[in-house]
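Here is a short report on overall fold and aromatic packing. Please read it alongside the coordinates.

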Amino acid sequence: MILRSEHIAKSFGKKKVLKDISFQLEVGSITGIVGENGSGKSVLMEIIVGVRSADKGSVNKQGRIGYCPQRAVLFPQLTVHEHFIYFSEAYGIDNKQSKRRSEELLHHFNYKKYQQEKIINLSGGTQQKLNLSIALLHEPDLLILDEPYNGFDWDTYQRFWDYTNHLKKQGCAILIVTHLLSEKERLDRIYELENGILV
Ligand SMILES: Nc1ncnc2c1ncn2[C@@H]1O[C@H](COP(=O)(O)OP(=O)(O)OP(=O)(O)O)[C@@H](O)[C@H]1O
Ligand SMILES: [Mg+2]
């Protein structure tokens, strides 16, 4: 067990978005969360990662966490390369590892040619590649992905799944918010967030 959340609740004013959410993630597994727009999937991910606080409940997690938020948090005036440097520093990984990992990711997701471009000049899909790469940079044990392939072309989408399967085999626990039920067979478990609870 790498993540256990118990009895999470969160309201905004009178609106109870999350009522009572409990679940756990096992090492080497892929878990999907589905639910309609506004059902609270992103709020739940933010609480799990710790960028938002819950009203009630607890989250216990172990190991390094990688988080790919639904909306990329990137610096418009920095280049792709500069993002790798910045986030490597933030994660505390050394230059050698940073270089190796960023090369691997640029190559795997096929955007090495944009390495020296500023974010402001990149397409949405390419920005999303970087958003995902940042979550993967430090080789996390627990990966939280909020609609990570938004805007990906078909080839990149396939490469995304190749990569997550590779991570799963290495023991990574992956939690992924998705709308695509066609992905069912790729997931070990799937939850639906409905009326503030997981079913
Ligand atoms: N800071 C906030 N203040 C008030 N309401 C909020 C706030 N953040 C989120 N909400 C509300 O919480 C609900 C859940 O939002 P959330 O973004 O988690 O939905 P979602 O399931 O991720 O939807 P989508 O599929 O569109 O990404 C929405 O009704 C949203 O308006
Ligand atoms: Mg969302």
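The text below covers the fold, the surface and the aromatic rings.

This is a predicted model: local features need pLDDT of at least 70, side-chain atom pairs count only at pLDDT 80 or more, and totals for chains, interfaces and linings use all residues. Residues are numbered from 1 along each chain as its sequence is written, and side-chain values use heavy atoms, without hydrogens and water.

**Fold.** The protein chain has five helices and nine strands (DSSP runs: helices H or I of at least four residues, strands E of at least two). Their order from the N terminus is β-β-β-α-β-β-α-α-α-β-α-β-β-β. The C-alpha atoms fill a box of roughly 45 × 35 × 30 Å along the principal axes.

Of the 199 residues, 48% are buried (under 20% relative accessible area, 1.4 Å probe, protein chains only). Among contacts with a separation of 6 or more, 72% join residues 24 or more positions apart (contact: heavy atoms within 4.5 Å).

**Aromatic rings.** The structure holds 10 aromatic pairs (Phe, Tyr or six-membered Trp rings with centres within 6.5 Å; planes under 30 degrees apart are stacked, over 60 edge-to-face, the rest tilted). Two edge-to-face pairs are listed here.

| Pair | Centre to centre | Angle between planes |
|---|---|---|
| Tyr 149 and Tyr 157 | 5.1 Å | 85 degrees |
| Phe 160 and Trp 161 | 5.1 Å | 75 degrees |

Tyr 149 is buried at 10% relative accessible area. Tyr 157 is buried at 10% as well. Phe 160 and Trp 161 are also buried. Tyr 149, Trp 154, Tyr 157, Phe 160 and Trp 161 form one aromatic cluster.

Technical notes: Chains are lettered from A and ligands numbered from 1 in the order in which they are written. Buried means under 20% relative accessible area, exposed over 50%, partly exposed in between (1.4 Å probe, protein chains only).
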